[in-house]
Amino acid sequence: MRIGIVSPYSFDVPGGVQNHIMDLSEALLELGHEVSVLAPADDDAGLPEYVVPAGRAVPLPYNGSVARISFGPVSTARVRRWLRRGEFDVLHVHEPFTPSLTFLAVLSARGPVVATFHTAMTRSRALSAAQNFLQPAMEKITARIAVSELARKVQVEHLGGGAVEIPNGVAVRKFASAVPLPGWPGDGGAIGFLGRFTEPRKGFPLLRTAFVSLARERPGLRMLVAGPGDRDELYDDIPKELHDRVEFLGLVSEADKARMLRSVDVYVAPNTGGESFGMILTEAMAAGAAIAASDLDAFRRVLDGGRAGALFPNGDQAALTRLLGELLDDPARRTDLSSCARAAVGAFDWPSVANRVLEVYATAIEATDGRVFDDEWS
Amino acid sequence: MPRMWWVVGVVVLAAIFSAYLGWTAQRVERLHTRARSAERALDAHLLRRAAAAAVVAERRESVELYSAARLALDAEPGERETAENDLTRQLQAVTLDPADPAVRTLAATSRRVVLARQVHTDLVRDALSARRRVFVRLFRLARRYPRPQYFDIVEPSLPALPLARAVPTPASPAEGALPAQAV
């Protein structure tokens, strides 16, 4: 099948949506399909060969984060040209209602369009108000995918129309086989955090306070932090005597992320909201880390109700500190959590996810031109 | 010469309006074609599911499942929805062996029915909402197309998807024992 995928966000900056698109494309390529991805990017950026750059990306604050997107007449022309040259059997757009390439592609599309919704926006009054204006674009979308139950709910309640829930995939093999960073996790216990530690919704301050009080009692305890952000900003809020026990990796590549997750005894996800799925949790599960996470609905579901990772009440600082202490003292419980996590993560592996996405493609094609396919796509 | 500007204005407005009507007519046509295609696809997948269910029923020598599958295959248009719902209920009630290839085919066709039904419902709704638009009714833009009908069946997904369950359990023996028996 010839598949055209459109990314709203630039690949220059790592992000959940971008990784999803790359992993899906690679899984589809491996299954023998032709894939072309259109993404905002400067022409000379070092991109995978299946990615077609659509021009410079501009930063735009959206839904609490900063997204790099492209929009405008130049982008429109490039989208049209890419669509014409690609002759795709199906067009797969991500986050179609962001003001981005994706929206342009939907407007210009003629054939079957599949849309994937990633974000669970709880307040989208703006979106509901814009519904009349968006209707002609909505009509072009043949089939909808939501990556989580919450994203699906938003889709159903605010935009009308159903959506199939297909969770994000995780490249299990890549994470399970990564080599821990030299010297980690060590004997004194190691906890890890990955994400934008300056963003309040990621809940890093909770973990920082917990680490400071735990580290005072446990002389060997160390913390590994990765993600975008300023080194000084991270260390400023940590007492000086603990600085050498916190290692900051900065923004990490996919490969280093896998190594980082393999390097810790406990991976902590203290997020206070805004997570629609918890991609990072499935990655930590694949890496075999024991997980401590806040009890957001999305996290609870990914962690199999708490069997594949320990949950603490959202925002509860004392409970997090207590839970981390218990996990660090109990290697048997950690092993137990990690083996449950490895079992549960099989359902999120990319090849199985890609096959389910292909079924949606087939359905969209059938509903557009009346062809009915004989067998499963495999 | 105010009169000439009036004429120009009216001509421009008329041009814009007729362009809008043309565009709307195109939308109406596209939506109806898609609803029709989706209906054909749903029909094909329902037939496939019934055929796959009949194969599974024969292997299990299950008379009830077989007759439900036959009824779904032979149903008249008016009785189709009830027959498909009965088949869904039968399928949801039986325990399926994930190792059997016929069961795997049945699970795959069931997934396709779920998708086809969902897309069909969405497209019918889009087409019906286009028919309700003021200009579409006023200029009878939808008169050439038969009114799309919802296909009113219960969610046809199989709850305990044997394929999804069979893979992830075997890592920890203590935990693995219970779900394995449940399947």
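**Chain A, part by part**

Modeller: In this predicted model, the domain assignment divides chain A into domain 1, residues 2-169 + 349-369, and domain 2, residues 172-347. Where the two domains meet, domain 1 of chain A contributes 14 residues and domain 2 of chain A contributes twelve residues. On the domain 1 side, helix H6 of chain A (residues 149-159) supplies the largest share, three residues. Sorted by class, that side of domain 1 has six nonpolar, six polar and two charged residues.

One open sheet of chain A has seven strands, in the order E3-E2-E1-E6-E7-E8-E9, and its pairing is parallel. Its edge strands are E3 (51-53) and E9 (164-165) of chain A, each of which pairs on one side only. Within this sheet, strand E6 (residues 90-94) and strand E7 (residues 113-117) of chain A are joined in the parallel sense by four bridges. A:His92 has A:Val114 of E7(A) opposite it. Helix H3 of chain A (residues 101-108) packs on the sheet and touches E1, E2, E6 and E7 of chain A. The direction of H3(A) makes about 150° with that of E6(A). Helix H1 of chain A (residues 16-30) lies across strand E1 (2-6), strand E2 (34-39) and E6 of chain A, and runs at about 160° to E2(A).

The loop between E6 and H3 of chain A holds A:Glu95. The phi of A:Glu95 is near 45°, a positive value in a residue other than glycine. As background, most residues other than glycine have a negative phi.

The axes of H3(A) and helix H2 of chain A (residues 73-86) come within 9 Å and cross at roughly 55°. That angle makes H2(A) oblique to H3(A). The crossing in which H2(A) passes H3(A) is right-handed. From H2(A), the residues that meet H3(A) are A:Ser75, A:Thr76, A:Val79, A:Arg80 and A:Leu83, and their counterparts in H3(A) are A:Leu101, A:Leu104, A:Ala105 and A:Ser108. The residues of this contact between H2(A) and H3(A) comprise five nonpolar, three polar and one charged.

Another open sheet of chain A has six strands in the order E12-E11-E10-E13-E14-E15, with parallel pairing. Strand E12 (246-250) and strand E15 (310-312) of chain A are at the edges with a single partner strand each, so one side of each has no neighbour in the sheet. From one strand to the next, the twist averages 20°. Strand E13 (residues 266-269) and strand E14 (residues 290-294) of chain A run parallel and are joined by four bridges. A:Val268 has A:Ala292 in E14(A) as its bridge partner.

Two helices lie across strands of this sheet. Helix H13 of chain A (residues 317-329) lies across E10, E13, E14 and E15 of chain A, at about 160° to E15(A). H14(A) lies across E14 and E15 of chain A, and runs at about 85° to E14(A).

A cis peptide bond, with omega about -5°, joins A:Trp184 and A:Pro185. A:Pro185 is in the loop between helix H7 (172-176) and strand E10 (190-194) of chain A. For reference, most peptide bonds are trans.

Finally, the contact with the other chain. Here 25 residues of chain A are in contact with 26 residues of chain B. On the side of chain A that touches chain B, helix H5 (131-140), helix H14 (331-344) and helix H15 (350-369) of chain A each supply at least two residues. H15(A) gives the most to that side, with eight residues. By class, the side of chain A that touches chain B has eleven nonpolar, eight polar and six charged residues.

Notes:
Residues are numbered from 1 along each chain as its sequence is written. Chains are lettered from A and ligands numbered from 1 in the order in which they are written. This is a predicted model: local features need pLDDT of at least 70, side-chain atom pairs count only at pLDDT 80 or more; totals for chains, interfaces and linings use all residues. Two strands pair if DSSP finds at least two bridges between them. Two residues are in contact if their C-beta atoms, placed from the backbone, lie within 7 Å. Axes are lines fitted to C-alpha atoms, for helices over the stretch in contact, and angles run from 0 to 180 degrees between N-to-C directions. Domain bounds come from an automatic or database domain assignment. Ala, Val, Leu, Ile, Met, Phe, Trp, Tyr, Cys and Pro count as nonpolar, Asp, Glu, Lys and Arg as charged, and the others, Gly among them, as polar. Angles under 35 degrees count as roughly parallel, over 145 as roughly antiparallel, 65 to 115 as roughly perpendicular and the rest as oblique. A crossing is left-handed if the near helix is turned anticlockwise from the far one by less than a right angle, and right-handed if clockwise.
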